[in-house]
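This report describes selected features of a single model, arranged by topic. The sequence and structure are shown first.

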Amino acid sequence: MPDFPGRYPATRLRRFRMQNWSRRLRAESALRSADFVLPLFIVDGRGVPEPIPSLPGVSRLPIDLAVETAKEASALGIPGVALFPVVDACLKSEDGREALNPENLVCRAIKAIKQGVPDIGIIADVALDPYTTHGHDGLLRGNTIVNDDTVAVLTRQAVVLAEAGCDIVAPSDMMDGRIGAIRNALEDSNLPDVMILSYAVKYASALYGPFRDAVGSKGALSGASKASYQMDPANAVEAFAEAELDLAEGADAVMVKPALAYLDIVSALHSRFAAPIFAYHVSGEYAMVKAAAAAGVLDGDKVMTEHLLSIKRAGATAILTYAAMDIARSLKGEG
Ligand code: PBG
């Protein structure tokens, strides 16, 4: 940081804060609807949304309503959606094989959204947790999530999702070596333009609780701990190694997740790498603000905006957030 040469009283920083127009001119960062990716939970069926009690304002959507929501998002200037299937218990298995079915729920959602809303980008999660009976992102052998066999399955899952028509595959599993394997498989499958958004820096966080309620992977979690593959919240330097490896293996962008408790990581990656840095404002971060607002403790919309702005200020290129539609509406003056 350069030294600021001014001295009081010649320098009075409050001058720029005195009026609205000068505050606006002085602003170093701003939120735009184009900063956001809207996560969507997809269920089988038609016409009826299922509200998620731990995520106020968010519902599981059947495909027809997901298409409508993607249309609204696009009209508000939101460039992308991230899809998460809520898989029927009878389709879950020990090895999560439904993930490889080209006609599975998320593949059908990708096709329907591509057809109905061709101008919105579609991000599809690569991980087995929606499909496994144990709720882990990979294959469980004994008490271990095995790395290399999981990578082989995730690679096939990524190709299935890309063939269904998604624009970005987003491995959120944290296995070692999966980005290179997925990049090679996409090349071999003649899908060289499909992007990889790597959840490179994903912490073993307690802030994913409402998401696990939403996709029904919470009660299941058994055997191993997600801490055996997700990062330790104590670590920062390790995040550089994760991001560097994934970018070298062919990731187009890297994600930091969660966002607010890890703004130091967002900021450090932003200054260290030329690649786009995505930040996931996760379910628990969103739910805490909603719960506090419902309890009358604070102004939820203002706090949500302040939080998202802080993620942008820290250096995030894009933000995944359940608040995307609300904030995009208020930016348009429709809030
Ligand atoms: C799992 C996955 C998780 C989230 C996105 N993908 C949860 C987990 O690792 O258990 C969490 C997102 C959120 O909390 O909003 N593949």
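## Salt bridges

What kind of interaction joins the side chains of Asp 35 and Lys 312? The two side chains meet in a salt bridge, with N and O 3.1 Å apart; a salt bridge here is a side-chain nitrogen of Lys or Arg within 4 Å of a carboxyl oxygen of Asp or Glu. Asp 35 lies in the loop between H1 and strand E1 (36-43) and Lys 312 in helix H10, so the pair ties together parts that are 277 residues apart in sequence. Both Asp 35 and Lys 312 are buried. Buried means under 20% relative accessible area, exposed over 50%, and partly exposed in between (1.4 Å probe, protein chains only). Helices (H or I, at least four residues) and strands (E, at least two) are DSSP runs numbered from the N terminus.

The model is predicted: local features need pLDDT of at least 70 and side-chain atom pairs count only at pLDDT 80 or more, while totals for chains, interfaces and linings use all residues. Residues are numbered from 1 along each chain as its sequence is written, and side-chain values use heavy atoms, with hydrogens and water left out.

The whole structure holds 19 salt bridges. One of them, between Asp 326 and Arg 329, has an N to O distance of 3.7 Å. These residues are three apart in helix H11 (residues 324-331), and therefore separated by about one helical turn. Asp 326 is partly exposed at 34% relative accessible area, and Arg 329 is partly exposed at 28%. Salt bridges with shared partners join Glu 72, Lys 290, Asp 326 and Arg 329 into one network.

Leu 308, in helix H10 (residues 300-313), is buried with a relative accessible area of 0%. Beyond its neighbours within four places in sequence, Leu 308 is in contact (heavy atoms within 4.5 Å) with residues including Leu 31, Phe 36, His 281 and Ala 323. Ala 323 is 15 residues from Leu 308 in sequence, and their C-alpha atoms are 9.1 Å apart.

In helix H5 (residues 178-188), the buried residues include Arg 178, Ile 179, Ile 182 and Leu 186. The buried residues of H5 pack against elements among them helix H4 (147-164), strand E9 (195-202) and helix H7 (237-248). Just after H5, Asn 190 adopts a positive phi of about 60°.

## Segment before H1

Arg 14 is located in the segment before helix H1 (20-26) and is exposed, at 55% relative accessibility. Phe 16 also has its place in the segment before H1, and is partly exposed at 41% relative accessibility.
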